[in-house]
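Trainee: I am new to this structure. Could you take me through its sheets, helices and open spaces, one question at a time?

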Amino acid sequence: NSIKGINMRKEKIENIKEKIEKEKIEKEIENKEEIENKEEIENKEEIENKKEIENKEKLKKLKTFCIKFSIVLDICIMFFLSIFLVTSIIDETSVPKINIIGDKEVTVNALDKYVEEGATAFVNKSKKVNVHIDSSNLDTKAPGTYTVKYSARNLKGKKEVTDTRKVIVVDKVPPKISLNGEIEVSITEGDTYVELGAKAIDDVDLDVSDKIIIDTNLNTAVKGKYTVKYSATDKSLNAAEATRTVTVLEKPKPKNVKTIYLTFDDGPSKVTPALLDMLKKNNVKATFFVIGSQLDGYRDVVKRASDEGHAIYIHCYYHNYKEIYSSSENFFKDIEATRAKIKEITGKDVNIFRFAGGSSNTVSRGINKGIMSRLVKESIDRGYSYFDWNVDSRDASGNISSYLISKNLIQGTNIHTNTVVPLMHDASAKTSTIAGAEAYIRYCKDMGYAFDLISRDTMQVRHGVAN
């Protein structure tokens with residue numbers, strides 16, 4: 001029992017100790033919580049004090065900011081107000097700047113529409129203002145120089161500025177010429193050509209027919225093709241041309257009528273102008289076989305003969321038998337030189353010739369045997385045609401009278417039925433040949449004979465070759 005009591009006391013003591021310990025711990029906890037609460041309260045007070053201080057500091061800063069902001073705001077208001085006032089003054093006094101779009105000088109074709117590219121205007125490079133365009137004086141129907149005016153005012157409508165564009169209206173289109181009647185006309189030798197005229201209409205100047213100039217080389221007495229040229233110029237100097245072709249046809253020859261082919265050798269000479277006058281007076285054309293070395297001395301006379309419708313053919317360059325008939329080479333050199341000279345003066349390239357002394361000459365025998373036979377063949381091979389004669393006036397035998405000349409010609413003509421090729425000479429010493437030829441012409445006309453020029457179509461009259 002004593003042991004049990006002891007254990008019970010021990011247990012009781014232990015419980016008391018636990019209780020005391022527990023109370024102690026609880027007391028410590030309470031003290032600790034009290035201390036913590038006290039610290040928390042103190043911390044809260046400190047935090048609140050700090051917050052109060054911070055709030056006061058923030059309020060102070062806010063007041064300072066508001067004061068500064070108010071000052072800055074006042075400054076900004078004053079700044080923008082001053083800009084507005086200055087801008088208003090500038091806008092009222094500034095002059096706009098006009099910028100013309102495109103070139104300041106343009107060219108427009110007459111009757112075309114003028115396309116206005118416009119213009120812009122700004123005040124102080126930023127504020128756009130309206131541009132007024134005045135092109136009321138521009139007339140594209142009338143060539144000339146015009147001015148398009150551009151004007152603009154500032155924003156207040158007070159200050160005005162102007163600029164201009166030059167517009168040049170040009171007429172580059174020539175008139176159109178229309179011929180009255182046919183563009184190709186045919187008439188017969190000796191007939192009168194009736195000019196029907198033409199009309200010229202211009203897009204701008206309208207009817208300019210009165211400006212037409214007519215130019216022609218027409219010679220109704222000589223068969224061939226001729227051109228009548230019509231030209232007109234408008235006020236802008238645009239030129240137009242049109243042409244009419246006039247063909248002069250050979251006058252029909254009566255059937256079975258004898259045709260006379262007058263030929264004159266050895267020209268030109270001092271008597272050639274008088275000979276041409278006589279032929280012109282009698283309205284007769286002749287064929288001239290000329291000497292090349294004499295042409296330069298009578299260039300105007302030869303040109304006149306060609307222009308008046310006479311035929312200019314080759315005889316020789318130098319009438320020197322020994323030189324001409326010494327070789328084929330020398331002969332054709334002589335012929336070609338004369339041919340070139342004729343072309344130089346008349347503009348016509350001819351290939352018809354007459355042998356010096358005729359193809360039947362015998363003088364060449366003593367110079368080069370058989371030369372004529374060779375030359376006849378070679379000349380044909382080279383494309384030439386040659387003509388002799390079948391009636392001789394005998395004016396080469398001396399200065400015989402005009403009566404004998406005409407008598408010889410008439411007698412020779414009477415023995416031929418169709419083609420008659422009389423030989424006469426155009427030389428300074430042959431003073432009676434002109435009168436004799438004129439008497440012969442009158443006789444032939446009285447007989448109803450026709451006259452014509454030798455051509456490649458003429459029936460060939462050639463002698464028998466004697467060498």
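Mentor: Let us begin with a sheet. It is an open sheet of three strands with parallel pairing, in the order β22-β15-β24.

Trainee: What should I know about the model and the terms first?
Mentor: This is a predicted model: local features need pLDDT of at least 70, side-chain atom pairs count only at pLDDT 80 or more, and totals for chains, interfaces and linings use all residues. Residues are numbered from 1 along each chain as its sequence is written, and side-chain values use heavy atoms, with hydrogens and water left out. Helices (H or I, at least four residues) and strands (E, at least two) are DSSP runs, numbered from the N terminus. Two strands pair if DSSP finds at least two bridges between them.

Trainee: In β22, which residue is the bridge partner of Thr-259?
Mentor: Start with the strands. β15 (residues 259-260) pairs with β22 in the parallel sense, over two bridges. In β22, the partner of Thr-259 is Thr-419.

Trainee: Which strands stand at the edges of the four-strand sheet?
Mentor: That open sheet runs β9-β14-β13-β12, with mixed pairing. An edge strand has a single partner strand, so one side is left without a neighbour in the sheet; here these are β9 and β12 (213-216).

Trainee: By how much does this sheet twist, on average, from one strand to the next?
Mentor: Axes are lines fitted to C-alpha atoms, for helices over the stretch in contact, and angles run from 0 to 180 degrees between N-to-C directions. From one strand to the next, the twist averages 25 degrees.

Trainee: How many bridges join β13 to β14?
Mentor: Take the other partner of β14 for contrast. Strand β9 (residues 184-188) runs parallel to β14 (residues 239-249), with five bridges, and Val-185 has Val-246 as its bridge partner. β13 (residues 224-233) runs antiparallel to β14, and Thr-233 stands opposite Ala-239. The bridges between β13 and β14 number 10.

Trainee: Which residue takes a positive phi in the hairpin of β13 and β14?
Mentor: Look between the two strands, where the hairpin has five residues. The phi in question is near 65 degrees, and the residue is Leu-237.

Trainee: Are α2 and α3 roughly parallel or oblique to each other?
Mentor: Two packed helices are described by the angle between their axes and the distance between the axes. α2 (residues 272-281) and α3 pack at about 15 degrees, with axes 10 Å apart. Angles under 35 degrees count as roughly parallel, over 145 as roughly antiparallel, 65 to 115 as roughly perpendicular and the rest as oblique. α2 and α3 are therefore roughly parallel.

Trainee: And α7 and α8: which hand is their crossing?
Mentor: The axes of α7 (residues 402-414) and α8 (residues 433-446) come within 7 Å and cross at roughly 40 degrees, so the two are oblique. A crossing is left-handed if the near helix is turned anticlockwise from the far one by less than a right angle, and right-handed if clockwise. The crossing of α7 and α8 is right-handed.

Trainee: Which element gives the largest share of the lining of the largest pocket?
Mentor: On a 1 Å grid over the protein atoms alone, a pocket is an open set of points with protein on both sides within 12 Å along at least five of seven lines, a cavity is a set where a 1.4 Å probe fits but cannot get out, and lining residues have an atom within 4 Å of a point. Grid points are joined across faces, edges and corners, and a volume is the space filled by probe spheres set on the points. The largest pocket holds about 1000 Å³, and Lys-285 and Asp-452 are among the residues closest to its centre. The largest share, three residues, comes from β18.

Trainee: How much space lies in the second largest pocket?
Mentor: β16 (263-267) and β23 (422-425) each supply at least two residues of its lining. The space comes to about 200 Å³.

Trainee: Which elements each supply at least two residues of the lining of the largest cavity?
Mentor: The count is one cavity of 30 Å³ or more. The largest cavity holds about 60 Å³, and its lining includes Phe-288 and Val-302. The elements are β17 (287-291) and α3.
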